[in-house]
Amino acid sequence: MAMTLMLIMIVMLLIGFPMMIPLITAALTGFYMMFGGMGQMDTFIQQVLGGIRPASLIAVPMFILAADIMTRGHSANRLIDMVMTFIGHIRGGLAISTAASCTLFGAVSGSTQATVVAVGSTLRPKLLKAGYSDSFSLALIINSSDIAFLIPPSIGMIIYGVISETSIAELFIAGVGPGLMILMFFSLYCLAYATINKVPTEERANWSERFDAAKSAIWPLMFPVIIVGGIYGGIFSPTEAAAVCVLYAVFLEFIVFRSLGSKDIYAIAKSTGLITAVVFILVGVGNGFSWIISFAQIPQMILEAVGIDEMGPLGVLASISVAFFIACMFVDPIVVILVLTPIFAPAIEATNLDPVHVGIIITLQVAIGSATPPFGCDIFTAIAIFKKPYWEVVRGTGPFIAILLLSAALLVVFPEIALFLRDIAFAE
């Protein structure tokens, strides 16, 4: 049964169906194979509806809406300009600024694809003009967007937290350390690339220009302060933080910056509604699919086949890393989290692994996979936004993927990279 369902999904993906269609088809096929018909369809529907019932999921459309407002407004450009004035003049500074801008925008959006659009649309032309190759520029933008999946708020962490019943607040704070570590590694690679290829440096901004850029970015920089400070100050929950984030985005772009008007409301609402609908269909059907494979005891069979019962904690974490990384090379990250998390849940519990540590590893692996050939979703976002052929987009990704995999390995071996901030923030 497991092979049949997997084959259905792979074939339909290769044919070109959007991700939710293969998932729905596989789920219904599994239901039919288990029960010999569709007579008990109400049970499956209950599972689907149960998947989108948790109140924590309300945060997802809220963060999507906030990111859409900021992308269409001035917040993204103000953050980028501030970063550029401070580090744009050093060797590799423009490339480092791109990675840093992705990190900052991740702190206000939580979406890799929104980061590709917001940062890439602004900085890719500047990178090309400065002398960076297009393959390097595209790879830098796509892979730096992975940091947005780790820096709070993160839609991937919200989905994992709901599925595994792990504290979303703890996941958010635990993602900061790995995100900053990856930014440091990317910055070192950008420095080396610019030095080897003799990329010219940008003109140094004077302190007056830096002050003006920092002053104009103060309002957007309040997003992470509000979100992180509000959550860990006990003022509001992660879900409430998402609502506050939307309110602040509206206040910023419609009132303070006046970058958006009433004519933009329909387009923003339509875009957010479409993305939210797809996400919630995936979450609901993913929950139904997870129930089917759990009912059929497929997770137990898979784990027994790979001998995971005989592995220690490191072996389980390595297996999780490989499984999620490979899966996201072909399938949407949300679907992978929904399907694979229940499969590994028994092994995680049996080895007494910290669910927050596991969640950060999973979040990083799905982020890496989403930017990795052949079918990483961020690759196709870049193809659509920048109108470039597939090979041109993926050609320069190798070094970045190697850095990300090294970071993932360090995270497995040294959990303190993720957990030290969590332990400080939630010390009893």
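Buried means under 20% relative accessible area, exposed means over 50%, and partly exposed is anything in between, with a 1.4 Å probe and protein chains only. Everything below comes from a predicted model, where local features need pLDDT of at least 70, side-chain atom pairs count only at pLDDT 80 or more, and totals for chains, interfaces and linings use all residues. Residues are numbered from 1 along each chain as its sequence is written, and side-chain values use heavy atoms, with hydrogens and water left out.

**View 1. E240 in helix α14.** Helices here are DSSP runs (H or I, at least four residues), numbered from the N terminus. E240 sits in helix α14, and because its relative accessible area is 44%, it falls in the partly exposed class. For a sense of reach, take E240 and V356: they are 116 residues apart in sequence, and their C-alpha atoms lie 21 Å apart in space.

**View 2. The rest of helix α14.** The expected span of a helix is 1.5 Å times one less than its number of residues. Which residues of α14 are buried? They are P238, A241, A242, C245, V246, Y248, A249, L252 and E253. After α14 comes R258, with a positive phi near 55 degrees.

**View 3. Helix α2 and its buried face.** Helix α2 covers residues 20-35, and its 16 residues should span 22 Å at 1.5 Å a residue; the end C-alpha atoms are 22 Å apart, so that checks out. P22, L23, A26, A27, G30 and F31 are the buried ones in α2. Looking down the axis of α2, these buried residues fall within an arc of 165 degrees, so they line one face of the helix. (The arc is taken from the directions running from the helix axis to the C-beta atoms.) Following α2 is G36, whose phi is positive, near 70 degrees.

View 4. M3, M6, I10 and L14 make a nonpolar surface patch of about 440 Å². To join a patch, a residue needs over 30% relative accessible area and no salt bridge; nonpolar side chains (Val, Leu, Ile, Met, Phe, Trp, Tyr) are joined within 5 Å, and like charges within 9 Å. Areas come from the Shrake-Rupley method with a 1.4 Å probe, and for residues only the protein chains shown count as cover. M3 belongs to helix α1 (residues 2-15) and counts as exposed because its relative accessibility is 63%.

**View 5. K388 meets D134.** A salt bridge means a side-chain nitrogen of Lys or Arg within 4 Å of a carboxyl oxygen of Asp or Glu. The whole structure has seven salt bridges, and one of them pairs K388 with D134 at 3.3 Å, N to O. K388 is in the loop between α20 (377-386) and α21 (390-394), while D134 is in helix α8 (residues 134-144), so the pair ties together parts that are 254 residues apart in sequence. Are the two partners buried or partly exposed? K388 is partly exposed at 24% relative accessibility, whereas D134 is buried at 13%.

View 6. R422 forms a salt bridge with E170, and the closest N and O atoms are 3.1 Å apart. This pair links distant parts of the chain, with R422 in helix α23 (residues 416-425) and E170 in helix α11 (residues 168-174), 252 residues apart. R422 also meets D423 in a salt bridge, at 2.8 Å from N to O. R422 is buried, with a relative accessible area of 11%, while D423 is partly exposed at 41%. Salt bridges that share partners join E170, D354, R422 and D423 into one network.

View 7. Contact means heavy atoms within 4.5 Å. T363, in helix α19 (residues 355-370), is buried at 1% relative accessibility. Not counting residues up to four places away in sequence, T363 touches F149, L150, S154 and M157. P224 lies in helix α13 (residues 207-232), and, leaving aside neighbours within four places in sequence, P224 is in contact with A107, V108 and G229.

Key: Helix = DSSP H or I, 4+ residues; strand = E, 2+ residues; numbered from the N terminus.
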